[in-house]
Amino acid sequence: MVNKVGQTTDVLHANPGEGSEVSSVLGRNVTRLRKQAKITKQKFALMVNVGRPFLNRIENGTADPRLSVILRLAAALDTTPQELLTDRSDNPARNDVSPRHARLG
């Protein structure tokens, strides 16, 4: 989609309100996995090459990061983008999964 100034804009969500749910799920999963790996927000932001304020927005569920950022988040947390975008509250048995080790560097 192109806006009035000729800039390309991303249309990420077909249904209104759906984006906030996806962002919330992503934020919860990133926070959980980062904490399990015992990585500070500052270090994690450096690992995935995003600013600390943007990482805060991701973890708070108020940002809609590009696919490239989601891929870097998943790689740093040694998981898949699908896992980051999956709502674990639908499957409580999965909450007992042992912590993963994040890739450092």
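A salt bridge here is a side-chain nitrogen of Lys or Arg within 4 Å of a carboxyl oxygen of Asp or Glu. Keep that rule handy, because opposite charges on side chains can pair when the charged atoms come close. The model on your screen is a predicted one, and by this rule it holds 5 salt bridges. Let's visit some of them.

**Stop one: Arg34 and Glu59**

Select Arg34 and Glu59 and show their side chains. They form a salt bridge, with the closest N and O atoms 2.6 Å apart. Now colour the helices: Arg34 belongs to helix 1, residues 18-36, while Glu59 belongs to helix 3, residues 52-60. The two residues are 25 apart in the chain, so this pair links distant parts of it. Are these two partners buried or exposed? Arg34 counts as buried because its relative accessibility is 6%, and Glu59 counts as buried too, at 10%.

Which residue does Lys41 meet in a salt bridge? Its partner is Glu59, with 3.7 Å from N to O. Lys41 sits in helix 2, residues 41-48, and Glu59 in helix 3, so the pair ties together parts that are 18 residues apart in sequence. Lys41 has 22% relative accessibility, so it counts as partly exposed.

Next, select Glu21 and Arg28. Their side chains meet in a salt bridge at 4.0 Å, N to O. Glu21 counts as partly exposed because its relative accessibility is 42%, and Arg28 gets the label partly exposed at 43%. Now go back to Lys41 for a moment: its side chain and that of Glu59 meet in a salt bridge.

**Stop four: along helix 2**

Finally, click on Asn49. This residue follows helix 2, and its phi is positive, near 60°.

Methods:
Residues numbered from 1 in each chain as written. Predicted model: local features only at pLDDT ≥ 70, side-chain atom pairs only at ≥ 80, totals over all residues. Heavy atoms only, no water. Buried < 20%, exposed > 50% of the residue type's maximum accessible area, 1.4 Å probe, protein only. Helix = DSSP H or I, 4+ residues; strand = E, 2+ residues; numbered from the N terminus.
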